[in-house]
Amino acid sequence: MPGYLVEDTRKVTTHRLMEMKEQGKKIAMLTAYDYTTAQIVDAAGVDIILVGDSASNVMAGNHTTLPITLDQMIYHARSVARAVKRALVVCDMPFGTYQVNATEGVRNAIRIMQETGCDALKLEGGVEIIETVRRILEAGIPVMAHLGLTPQSINKFGTYAVRAREEAEAAKLLSDARLLDEAGCFGLVVEKIPAALTQKVANTIHIPVIGIGGGPADGQVLVIDDMLGKNKDFTPKFLRRYADLHTIMTDAIGNYVRDVKSGDFPNENERY
Ligand code: KIV
């Protein structure tokens with residue numbers, strides 16, 4: 001596989017992620033929603049590519065993840081899965097597709113797997129959805145869990161503030177994490193919780209814990225548009241920006257507009 005930034009170009013499996021945790025090797029996870037971006041993310045050595053329902057925000061401009069539909073997630077996941085050779089591709093089950101009951105959850109899970117070619121699914125929640133998680137696992141589909149700030153429940157929380165600062169919520173999160181580990185999930189995302197709680201969870205359960213705004217863990221995940229600096233207005237404390245794509249893209253597009261308007265583009269070499 002030429003062009004890869006990592007030496008080990010074998011396909012990442014859930015089994016290898018578990019080994020990475022055992023060996024203390026950190027896991028890099030990042031979102032992608034389209035084919036060309038997923039090719040770049042894969043070649044750069046990201047271990048898990050998440051087709052996140054954050055597509056609702058960054059692709060479609062919605063304020064929350066709630067409006068994105070199953071069909072829309074399938075479109076994004078299929079585009080990403082087609083591009084990826086090395087990373088494990090995980091697709092978020094969108095809001096409303098697994099909360100009604102376990103049977104509906106399994107049916108929608110199977111549909112995503114059949115129609116996208118992705119490797120695993122991610123669901124938000126703990127004890128409330130454990131029966132559905134078990135049934136999806138029984139169908140042979142690897143499941144990644146998501147606790148802490150679970151954006152599909154934003155209307156219940158009322159705010160995007162840090163979760164589980166209070167003892168009772170922290171205890172429930174730890175108990176949910178144990179339950180999901182025992183059920184057979186292969187990984188757990190913890191979003192916006194205190195770093196000490198993340199450490200406790202990671203030390204308690206056997207599966208890799210991936211943090212976003214949760215401090216050090218077995219791995220980290222970010223939304224690609226955020227870490228590339230496409231959106232100037234989203235500046236949470238946990239976010240590290242690795243590029244300023246907003247400026248780079250604005251300059252490039254501005255130059256294109258200038259060249260078209262001046263007649264400089266296309267030149268002699270740029271025509272047939
Ligand atoms: O949808 C998403 O991008 C996510 C990450 C924030 C973990 O769930």
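Which residues is Ser-56 in contact with, leaving aside its neighbours within four places in sequence? In this predicted model, Ser-56 contacts Gly-61, Asn-62, Thr-64, Thr-65, Pro-67 and Ile-68 once those neighbours are set aside. Ser-56 sits in helix α3, residues 55-58, and counts as buried because its relative accessibility is 0%, against a cut-off of under 20%.

**Ligand site**

- The ligand is surrounded by 13 residues, and the closest are Gly-52, Asp-53, Ser-54, Asp-92 and Lys-122.
- In the side chain of Ser-54, an N or O atom is 2.5 Å from an oxygen atom of the ligand.
- For Asp-53, the distance from a side-chain N or O atom to a ligand oxygen atom is 3.0 Å.
- A ligand oxygen atom also lies 3.1 Å from a polar side-chain atom of Asp-92.
- The protein buries 96% of the 260 Å² that the ligand exposes when taken alone.

- β5 pairs with strand β4 (residues 120-124) in the parallel sense, over 4 bridges.
- Within that pairing, Ala-145 of β5 stands opposite Leu-123.
- Leu-147 has Val-190 as its bridge partner in β6.

**Lys-21**

- Lys-21 belongs to helix α1, residues 14-22.
- Although a lysine, Lys-21 counts as buried because its relative accessibility is 15%, and the cut-off is under 20%.
- A polar atom of the Lys-21 side chain lies 3.1 Å from the backbone oxygen of Ile-207.
- Not counting residues up to four places away in sequence, Lys-21 touches Ala-202, Ile-205, His-206, Ile-207, Pro-208, Val-209 and Asp-218.

**Pro-94**

- Pro-94 is found in the loop between β3 (88-92) and α5 (102-116).
- The relative accessible area of Pro-94 is 0%, so this residue is buried.
- Residues up to four places away in sequence aside, Pro-94 touches Ile-68, Thr-69, Leu-70, Met-73, Gln-99, Ile-112 and Gln-152.
- Pro-94 and Gly-126 are 32 residues apart along the chain, and their C-alpha atoms are separated by 16 Å.

**Backbone details**

- The peptide bond joining Phe-265 and Pro-266 is cis, with omega about 0 degrees.
- Pro-266 lies in the segment after α11 (245-262).
- Ala-164 has a phi near 60 degrees, a positive value in a residue other than glycine.
- The loop between α7 (154-157) and α8 (167-183) holds Ala-164, which counts as buried at 3% relative accessibility.
- Lys-192 is not a glycine either, yet its phi is positive, at about 50 degrees.
- Lys-192 is located in the loop between β6 and α9 (195-204).

Definitions and conventions:
Residues are numbered from 1 along each chain as its sequence is written. This is a predicted model: local features need pLDDT of at least 70, side-chain atom pairs count only at pLDDT 80 or more; totals for chains, interfaces and linings use all residues. Side-chain values use heavy atoms; hydrogens and water are left out. Two strands pair if DSSP finds at least two bridges between them. Helices (H or I, at least four residues) and strands (E, at least two) are DSSP runs, numbered from the N terminus. A residue is near a molecule or strand if one of its heavy atoms lies within 4 Å of it. A polar contact is a pair of N or O atoms within 3.5 Å; within protein, one must be able to donate a hydrogen and the other to accept it, and residues adjacent in sequence count only if both atoms are side-chain atoms. Accessible areas come from the Shrake-Rupley method with a 1.4 Å probe; for residues, only the protein chains shown count as cover. Buried means under 20% relative accessible area, exposed over 50%, partly exposed in between (1.4 Å probe, protein chains only). Contact means heavy atoms within 4.5 Å.
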